[in-house]
Amino acid sequence: MSEGGAAKPDGALETSLSVFGAKPSLALVSVTRSSPGERFARAAKGAGIFWAFAAGCVFLPGLHFVLVPTFLLVDAVAGMRHLRDIEVVSRVHGACPRCGHEQDFATGNRLTSTWSLDCPTCHKTLTLVLSPTKASAA
Ligand SMILES: [Zn+2]
């Protein structure tokens, strides 16, 4: 009900891109809701990397007692983390507040209220905040 002007008709969310020492700019974030099959595929891909490290560490004498259980534990945590990614950011488009270059930013992370992005043009770390109108009204 209190979505107000935060949601665009095409499903994109209005967000704020900010960097220290510059005026925040508007960015549009598109979100994809993934099916259970897509989430399982992402979880298997994320966990498979650590499973491969664990399998490779079996052949290290002495160290395998520590590294194999550690990588298997990290493997399980990474898999569970990706299984919970119901809403995934599919597109972030906006102008960098520092250099002003309008572009698409790297995506693929879970939808959270705030996260960091890198501007490929000026190489500054930008902070993206969802629904800036709600944050400033509170
Ligand atoms: Zn920039």
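Q: Among contacts in the protein chain between residues at least 6 apart in sequence, what share joins residues at least 24 apart?
A: This is a predicted model, in which local features need pLDDT of at least 70 and side-chain atom pairs count only at pLDDT 80 or more, whereas totals for chains, interfaces and linings use all residues. Numbering of residues starts from 1 along each chain as its sequence is written. Two residues are in contact if their C-beta atoms, placed from the backbone, lie within 7 Å. Of the contacts between residues at least 6 apart in sequence, the share joining residues at least 24 apart is 52%.

Q: In what order do the elements of the protein chain run from the N terminus on?
A: Helices (H or I, at least four residues) and strands (E, at least two) are DSSP runs, numbered from the N terminus. The protein chain has 3 helices and 6 strands. From the N terminus on, these elements follow the order β-β-α-α-β-β-β-β-α.

Q: Which strands stand at the edges of the sheet?
A: Two strands pair if DSSP finds at least two bridges between them. With antiparallel pairing, 6 strands form an open sheet in the order E4-E3-E2-E1-E6-E5. Each edge strand has a single partner strand, so one side of it is left without a neighbour in the sheet, and the strands in question are E4 and E5 (114–118).

Q: In E3, which residue is the bridge partner of Ser-30?
A: Strand E2 (residues 25–33) and strand E3 (residues 87–95) run antiparallel and are joined by 7 bridges. Within this pair, Val-29 has Val-92 of E3 as its bridge partner. For Ser-30, the bridge partner in E3 is Arg-91.

Q: Which residue in E2 does Thr-15 stand opposite?
A: Strand E1 (residues 13–18) is joined to E2 by 5 bridges, and the two run antiparallel. Leu-13 has Val-29 of E2 as its bridge partner. Thr-15, in turn, stands opposite Ala-27.

Q: Which residue takes a positive phi in the hairpin of E3 and E4?
A: E3 and strand E4 (residues 102–105) run antiparallel, with 4 bridges joining them, and His-93 has Asp-104 of E4 as its bridge partner. The hairpin has 6 residues between the strands, and the residue with a positive phi near 80 degrees is Gly-100.

Q: At what angle do helix H1 and helix H2 pack?
A: Axes are lines fitted to C-alpha atoms, for helices over the stretch in contact, and angles run from 0 to 180 degrees between N-to-C directions. Angles under 35 degrees count as roughly parallel, over 145 as roughly antiparallel, 65 to 115 as roughly perpendicular and the rest as oblique. H1 and H2 are therefore roughly antiparallel to each other. With their axes 8 Å apart, H1 (residues 36–57) and H2 (residues 64–83) pack at an angle of about 175 degrees.

Q: How many residues of the contact of H1 with H2 are nonpolar?
A: Residues of H1, including Phe-40, Phe-50 and Trp-51, meet residues of H2, including Leu-67, Phe-71 and Leu-72. Ala, Val, Leu, Ile, Met, Phe, Trp, Tyr, Cys and Pro count as nonpolar, Asp, Glu, Lys and Arg as charged, and the others, Gly among them, as polar. Besides 4 polar and 3 charged residues, the number of nonpolar residues in this contact is 15.

Q: Does His-123 count as buried or exposed?
A: His-123 is found in the loop between E5 and strand E6 (125–130), and has a positive phi of about 60 degrees although it is not a glycine. A residue is buried if 20 or more other C-beta atoms, placed from the backbone, lie within 10 Å of its own, exposed if 12 or fewer, and partly exposed in between. Because His-123 has 9 C-beta neighbours inside 10 Å, this residue counts as exposed.
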